[in-house]
Amino acid sequence: MKKNGIASRIFLILCFLFLYAPILVLIVFSFNASKSKAVWAGFTLDWYVELFQNETILNALWVTLLVSLLAAIISTVLGTAAAIGFQNLRRRTRSVCMTVNNIPLTNADIITGVSMMLLFLLAVDAWNGTLGGVLGIRLSLGFWSLLIAHITFDVPNVILSVLPKLRQLDPNIYEAAQDLGDHGFHAFRAVVLPEIMPGVINGFIMAFTLSIDDFVISYFTAGSQTQTLSMVVYSMAKKQVSPEINALSALMFLVVVGLMVAVNLRQAAQERQAKARQAALTAK
């Protein structure tokens, strides 16, 4: 038993090293005075200074964060509403809808990206050749096509995050709220939403993570005037990735770690408060 325990711990440590060693190397070399990825030439903060002076990287970061945040918010609203609708469908109809919902999840990103690019090009050409030409409003692929593409692959993930919480919910709780005089959206907000909120939050985080991490679909749907951070890194990788990207990645990693720590501390505090309230009720 002890040997198995030691072996399991060693294996776990090796897994963590495999996952996080490249990130640690990236962070270390963000302070390297040289552009070399293998030779340490001394400590410097110059790459962090140059990062905040590089308009190309900062604009790409702004576009990435804005698209990810908007896509996460919109898909969380749409996905939550769709999940509630799915839950109230008949079993056979729900199975058909879930099959359609799972297509973007099982489909290869490159197929989704090319398909949406062709769809957007067809829609843009149809608009520019008809009503857009008359009104003098010409469209092209850019920020809005990128945002729509991100919403498209974010919504199914939100639905899958919210549905388990809806299945755990008492199906009569909304009707009970109506019997007590609460109606419409206020009853949903006061009774149903707090119960499914963990699933909604998980869906939002999943949507934001997938959007900020996406490259393939963004590459095909962003057009020629809009670039996300992953697209800028890809264009740099053809020649040489600037150490400024190392600095940006280090800052983003620290922000994500900080958010994870804050969320975990908040959840732990909520659990302690719930246990305290339960203990107080038991004592009474």
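User: How many of the 284 residues of the chain count as buried?

Analyst: Buried means under 20% relative accessible area, exposed over 50%, and partly exposed in between (1.4 Å probe, protein chains only). Here, 30% of the 284 residues count as buried. Keep in mind that this is a predicted model, where local features need pLDDT of at least 70, side-chain atom pairs count only at pLDDT 80 or more, and totals for chains, interfaces and linings use all residues. Residues are numbered from 1 along each chain as its sequence is written, and side-chain values use heavy atoms, with hydrogens and water left out.

User: Why does Ala262 count as partly exposed?

Analyst: Because its relative accessibility is 43%. Ala262 lies in helix H12, residues 243-283.

User: Which helices and strands does the chain have?

Analyst: Helices (H or I, at least four residues) and strands (E, at least two) are DSSP runs, numbered from the N terminus. This chain has 12 helices and 0 strands.

User: How does the span of H3 read against the expected one?

Analyst: The expected span of a helix is 1.5 Å times one less than its number of residues. H3 has 33 residues and reaches 47 Å from first C-alpha to last, close to the 48 Å expected. At its N-terminal end, Asn54 is the cap, with a side-chain oxygen 3.1 Å from the backbone nitrogen of Thr56.

User: Which residues have the most contacts inside the largest nonpolar core?

Analyst: In soluble globular proteins, nonpolar side chains tend to be buried together. A nonpolar core is a set of buried Ala, Val, Leu, Ile, Met, Phe, Trp, Tyr and Cys residues joined through side-chain atoms within 4.5 Å. The largest one here has 26 residues, and Val162, Leu163, Leu166 and Ile196 have the most contacts inside it. Helices H3 (55-87), H7 (143-168) and H9 (184-213) each supply at least two residues of this core, and H7 gives the most, with 10. Apart from it lies another core, of 14 residues, including Ala60 and Leu248.

User: What does Leu166 touch?

Analyst: Contact means heavy atoms within 4.5 Å. Not counting residues up to four places away in sequence, Leu166 touches Ala83, Ile84, Gln87 and Ile196.

User: What is the radius of gyration of the chain, beside that of a compact globule?

Analyst: The radius of gyration is taken over C-alpha atoms, and the globule rule is 2.2 Å times the number of residues to the power 0.38. A compact globule of 284 residues would come near 19 Å, but this chain has 24 Å. Its C-alpha atoms fill a box of roughly 75 × 70 × 35 Å along the principal axes.

Definitions and conventions:
Polar contact = N/O pair within 3.5 Å; in protein donor to acceptor, adjacent residues only side chain to side chain.
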